[in-house]
Amino acid sequence: MKRTLVVADQTVELEIYRRRGTTVMTWDGEEVPLDIVKVERSSYSIIMEGRSVGVNIDRIRNPDPDLHGFRAATYDGAYEFTLQDPRKTLLAEAMARSKRSEAKTIIALMPGKVLKLLVQPGDVVEEGQPLLILEAMKMQNEYTAPTASRVAAIHVEEGVNLEIHAPMISLQNLENLDTGEAPKG
């Protein structure tokens, strides 16, 4: 399980897994064997690099639903941190780049299944209006119109599995309709 851990202003790539009967933590690429024993509901005893540490970990509410917040209390104090699936960060960055681009064909940024089409050919859509929902990595991802446009073509159907970069919806800029200019892209 890979996660991005953010504590104070430090961001670390973290992964904890079992290998040949041993629990291993990878902290920014460095592997460290761990011995973790759950003592109580939210209390753990951890032996790491020859040192034993008792840790109480409680969930805390985070305003961002994609971030899981925690508070860890050890012998030397309490620390609040968040964990996030790094794939969600990559997906959010890719969707932001797609939104900024002038591309008129909306493509799948990840392999996935079309769950719901929210528009029809010929529909006029506003900037940010949802176009379709694609399920990828057990998450429902809403694709939105990058600008006010008319839906020129829909290249997918509900229930279809798509490869990455598969064209899904072509949009025609509303300004091109007013000038009679042929749509780009």
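Let me start with Gly69, which sits in strand β7; helices (H or I, at least four residues) and strands (E, at least two) are DSSP runs, numbered from the N terminus. This is a predicted model, in which local features need pLDDT of at least 70 and side-chain atom pairs count only at pLDDT 80 or more, while totals for chains, interfaces and linings use all residues. Residues are numbered from 1 along each chain as its sequence is written, and side-chain values use heavy atoms, with hydrogens and water left out.

Gly69 is buried, at 3% relative accessibility. Buried means under 20% relative accessible area, exposed over 50%, and partly exposed in between, with a 1.4 Å probe and protein chains only. Setting aside residues up to four places away in sequence, Gly69 touches Asp58, Arg59, Ile60, Asn62, Phe81 and Thr82, where contact means heavy atoms within 4.5 Å. From Gly69 to Phe81 there are twelve residues in sequence and 5.9 Å in space, C-alpha to C-alpha.

The largest pocket has a volume of about 1,300 Å³. Of its 39 lining residues, Ile46, Val55, Ile57, Ala72 and Phe81 are the closest to its centre. Grid points are joined across faces, edges and corners, and the volume is the space filled by probe spheres set on the points.

Which strand gives the largest share of that lining? It is β6, with seven residues. By class, the lining has 22 nonpolar, six polar and eleven charged residues. Here Ala, Val, Leu, Ile, Met, Phe, Trp, Tyr, Cys and Pro count as nonpolar, Asp, Glu, Lys and Arg as charged, and the others, Gly among them, as polar.

Now the cores. The largest nonpolar core has 24 residues, of which Leu131, Leu132, Leu162, Met168 and Ile169 touch the most other members. Two or more residues each come from α1 (86–100), β10 (112–117), β12 (130–136), β13 (139–144) and β16, and β12 gives the most, four. Apart from this core lies another, of eleven residues, including Met25, Leu34, Phe81 and Leu83. A nonpolar core is a set of buried Ala, Val, Leu, Ile, Met, Phe, Trp, Tyr and Cys residues joined through side-chain atoms within 4.5 Å.

Strand β16 (residues 167–173) also holds Ser170. Ser170 counts as buried because its relative accessibility is 14%. Its side chain makes a polar contact of 3.4 Å with that of Thr105. A polar contact is a pair of N or O atoms within 3.5 Å; within protein, one must be able to donate a hydrogen and the other to accept it, and residues adjacent in sequence count only if both atoms are side-chain atoms.

Most residues other than glycine have a negative phi. Ala8, in the loop between β1 and β2, has a positive phi near 55°. Glu49, in the loop between β5 and β6, also has a positive phi, of about 55°. Ala8 is exposed, with a relative accessible area of 70%, and Glu49 is exposed at 55% relative accessibility.

For the whole protein, the secondary structure is two helices and 16 strands, and 31% of the 185 residues count as buried.

Definitions and conventions:
On a 1 Å grid over the protein atoms alone, a cavity is a set of points where a 1.4 Å probe fits but cannot get out, and a pocket is an open set with protein on both sides within 12 Å along at least five of seven lines; lining residues have an atom within 4 Å of a point.
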